[in-house]
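Trainee: I should like to take a close look at a single helix. Could you describe its dimensions, its faces and its surroundings in one connected account?

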Amino acid sequence: MEVSVIGRSTSCSSSSANKIVRSKLGFCDLKPRILPAKNRLFFGWKRQRCSKAGIRLVLKTSIRSEAVNSETVRPCGAGSRSTSGVKLFVGFPLDAVSDGKTINNSRAIAAGIKALKMLGLEGVELPIWWGVVEKEAMGSYEWSSYRALVEMVAKVGLKLRVSLCFHASRQPQIPLPEWVMQIGETQPAIFFKDRSGQQYKDCISLAVDDLPVLNGKSPIQVYQQFCESFNSAFSDFMGSTIMDVSMSLGPNGELRYPSYPAKSSQSFSVGEFQCYDENMLAILKQYAEASGNPYWGLSGPHDTPNYDQSPMASNFFREHGGSWETPYGNFFLSWYSSQLVSHGDRLLSLASSVFSDTSVILSGKIPLMHSWYKTRSHPSELTAGIYNTINCNGYEAIAEMFARNSCKMIVPGLDLSDESQPQESLSSPELLLAQIKQACRKHGVEVCGQNTLVSGDPRGLEQIKKNLVNDNEGLNSFTFQRMGAEFFSPQYFPSFTKLVTSLDQPELGSDDLKGTESLRSMRRLNFGLQKS
């Protein structure tokens, strides 16, 4: 498969985009933080005197949503014809909208997407949060700021992938809706619980998907109404600007259990099984009784390690003779993983039904639980709910479920290489990615890639390029995560533009060197750069 970045010209796009970022966003010493200054926000950059340029940065961005120049930006390669290839996207900041009524750092975002347009990228990805849109009361939706962002993207001429987030974020802090959290105070069983009794409150337990626990409605019914409201509110953009809708399937939007805490190091984390809330235990009990082994349904495994312990600290995950290979182990792991796959099926089939009258593509995200992949039991995958061991291919059932719902599969971690992993973690992101892609090929599921994090380490971008150029069979698109101070920093953005312009490109059109009007429109934006 050929990789193409639509409408890109290396002769002017990358330099123009970098010029915009340097002169208009004015990055000198970038600190990824937001600094309030009376009624203004500084978009992640410290006000600082730049010794070489003699420029003092005062990036002024109104807290309220601001009008955006309606002029459509032409990429330098606008005369190029689209060819079949891997489409490139960049994610918006997670908190581009944080209260439903304002766009955070709207001018900086507008400048950023214009720079991306001039590079010839296909589009951007926008996370839309349940806890922002339906914050105060069930059925009361606030779409205005998200709609303003979509209009901004449409005017620039980019495509949009939307991620509907039915989970919470800890950094930046975006909780579940207030009314959901209030219900959780009186009905704590709507949340996952580990064996020590610790609750996970960043998403609702899959065990209550069909139970009327949210003011008389089930979570599935609430999710469906949210999707229907979104479809109605953005009907004029569906299939034209909004081309892809991704459904949140669990923690961080991924199809998994919250098996490791946020403070844990995923490189070494085995995690813990999340089956100890009363609803999960009730389902386990029924499953055990139906299988003729009622005592197996009294609790989860008793011989597993704690968070962050070595898998060999207890008997369950031992390489040889561990409980995972026993009849009980197979019983529990089959049940645990099947509950997760069924949950994903419910959500993706819901999306297929709601958006059936549109031309948008549907997708869902799975995790890349690569730590301990070189062991026989793959413990971090097992606790996350993926029954993948030396004896069992857990991605077959997942890929089949995605295929049944005609959904694409989003896979993160395409920036991770085996050589960059600590040897003691017995990790292999590359082998795991190959296994996932093989299962997807078998079932005809296209893969959409993502990176894990923005990093100045050149190995990450080199690994992305390897996946986009050499190992891109079945890869439909790639989304760089995520726009912000670090992404546009001098340590990252020039390397990013170099990567984009190094990819195979279509033949250049006659007007490839014409980008002056786009630059003029950028200069008309006032970013408050002041001479020192």
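Mentor: The account below starts with the chain as a whole and then turns to one helix, α12. The model is a predicted one. Its protein chain holds 14 helices and 18 strands, and buried residues make up 57% of its 532 residues. Of the contacts in the chain with a separation of 6 or more, 78% are between residues 24 or more positions apart.

Helix α12 comprises twelve residues, 458-469.

Next come the faces of the helix. Gly-460, Leu-461, Gln-463, Ile-464, Asn-467 and Leu-468 of α12 are buried. These residues cover an arc of only 160° around the axis, which means that they lie on the same side of α12. As a general point, an α-helix has 3.6 residues a turn, so residues three or four places apart point the same way. On the other side of α12, the exposed residues are Pro-458 and Glu-462. Here, buried denotes under 20% relative accessible area and exposed denotes over 50%.

The surroundings complete the picture. The partners against which the buried residues of α12 pack are two strands and two helices: β6 (87-91) and β17 (475-480), together with α11 (429-443) and α13 (493-502).

Definitions and conventions. Residues are numbered from 1 along each chain as its sequence is written. This is a predicted model: local features need pLDDT of at least 70, side-chain atom pairs count only at pLDDT 80 or more; totals for chains, interfaces and linings use all residues. Side-chain values use heavy atoms; hydrogens and water are left out. Helices (H or I, at least four residues) and strands (E, at least two) are DSSP runs, numbered from the N terminus. The expected span of a helix is 1.5 Å times one less than its number of residues. Buried means under 20% relative accessible area, exposed over 50%, partly exposed in between (1.4 Å probe, protein chains only). The arc is that of the directions from the helix axis to the C-beta atoms. Contact means heavy atoms within 4.5 Å.
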